[in-house]
Amino acid sequence: MKNVLSFDVEDYFQVTGMEPIVSRDDWEIYPSRVEQNTQKVLEILGRHNVRTTFFILGWTAKRHKQLIKQIANSGHEIACHGYNHRLVYDMTNDEFISDIKRAINLLEDITGQKIYGFRAPSFSLDADDIEKFEMMAELGLKYDSSLFPVRHFRYGKTGQIPLVPFDIKKGDRVVIKEFPITVVNFLGKRIPAGGGGYFRLYPNFFIRHNFKKVNAEGRPVIIYLHPWELDPDQPRIKGIGLGNAFRHYLNLSKTQSRLEMILQEFEFESFVGLINNMKFDKC
Ligand SMILES: [Zn+2]
């Protein structure tokens, strides 16, 4: 079964947990490591001959155009992670549409390819916010992967959404496809199957166990990582609080070997690749 491994491409100082310390106006002054970290990801994926999806932050794309071209030329799908990494539920509809439109236009200019997918920074989209999904569709997007159906103070509200890819509808009309991040039932609770901080937190056997379980249920595993998660030597930002520091710095040195493990044992595909193999309309 084909699964989807996706990368949210941003620098280590742009994550939401750093916001109280690192203001957007100061992004330029932090030493960027996104280039070298993404090169590392591309090298690993190339060695395993795997194609995947990269959700790129517009701000980053503007400053690293060659890198974005290189990702696209390596056969990976380029998708949108917004322009300024603002939480979607904190933006008005006008702010949201101008933020993602700016990013989509830039990514399409750089790659010469159509952009089909969106992921909200920190999964900050509410499942019942149909207007936001309609705006994505109006901009030509075909799918979203921003819903993460677990309880987390930063993620958007997801209610009782399906745990498999599904159509977001308004009445009977399909607005856009949704690929929720994969969760599994564990001791009566929903937990992430692995991805991001959970990928670094769980032991290898548990990640493998969850993936096998999800595939045995007939579901593709949909997980995410960031290039900075493969960078144990990144500068440490002080004062972000214990919780944020734990989520950001835990086991950074283990990400690469775990990534190699899942690439060896499971099959992966980009979102567009998966859509084109499903019963959905093709991109
Ligand atoms: Zn992000």
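**Figure 1. Buried residues of helix α5 in the predicted model.** Helix α5 spans residues 130-138, and its buried residues are Lys132, Phe133, Met135 and Met136. Buried means 20 or more other C-beta atoms within 10 Å of the residue's own; exposed means 12 or fewer, and partly exposed lies in between, with C-beta atoms placed from the backbone. Down the axis of α5, the buried residues fall within an arc of 155°, so they line one face of the helix. The arc is that of the directions from the helix axis to the C-beta atoms. These residues pack against α4 (93-111), β4 (117-118), β5, β6 and β7 (173-178). Glycine 140 follows α5 and has a positive phi, near 95°. This is a predicted model: local features need pLDDT of at least 70, side-chain atom pairs count only at pLDDT 80 or more, and totals for chains, interfaces and linings use all residues. Residues are numbered from 1 along each chain as its sequence is written. Helices (H or I, at least four residues) and strands (E, at least two) are DSSP runs, numbered from the N terminus.

**Figure 2. Phenylalanine 123, in the loop between β4 and α5.** Phi of phenylalanine 123 is near 55°, a positive value in a residue other than glycine. Phenylalanine 123 counts as buried because 24 C-beta neighbours lie inside 10 Å.

**Figure 3. Proline 165, in the loop between β5 (143-144) and β6 (166-170).** Proline 165 is buried, with 20 other C-beta atoms within 10 Å. Leaving aside neighbours within four places in sequence, proline 165 is in contact with Lys177, Glu178 and Phe179. Contact means that the C-beta atoms of two residues, placed from the backbone, lie within 7 Å. Threonine 182 is 17 residues from proline 165 in sequence; C-alpha to C-alpha, the two are 9.5 Å apart in space.

**Figure 4. Asparagine 251, in the loop between α8 (242-249) and α9.** Asparagine 251 is not a glycine, yet its phi is positive, about 50°. With 14 other C-beta atoms within 10 Å, asparagine 251 is partly exposed.

Figure 5. An α-helix has 3.6 residues a turn, so residues three or four places apart point the same way.

**Figure 6. The crossing of α7 and α9.** The two axes come within 11 Å and cross at roughly 30°. Axes are lines fitted to C-alpha atoms, for helices over the stretch in contact, with angles from 0 to 180 degrees between N-to-C directions. The contact involves Asn204, Ile207, Arg208 and Phe211 of α7, with Arg258, Met261, Ile262 and Glu265 of α9. By class, the contact has four nonpolar, one polar and three charged residues. Ala, Val, Leu, Ile, Met, Phe, Trp, Tyr, Cys and Pro count as nonpolar, Asp, Glu, Lys and Arg as charged, and the others, Gly among them, as polar.
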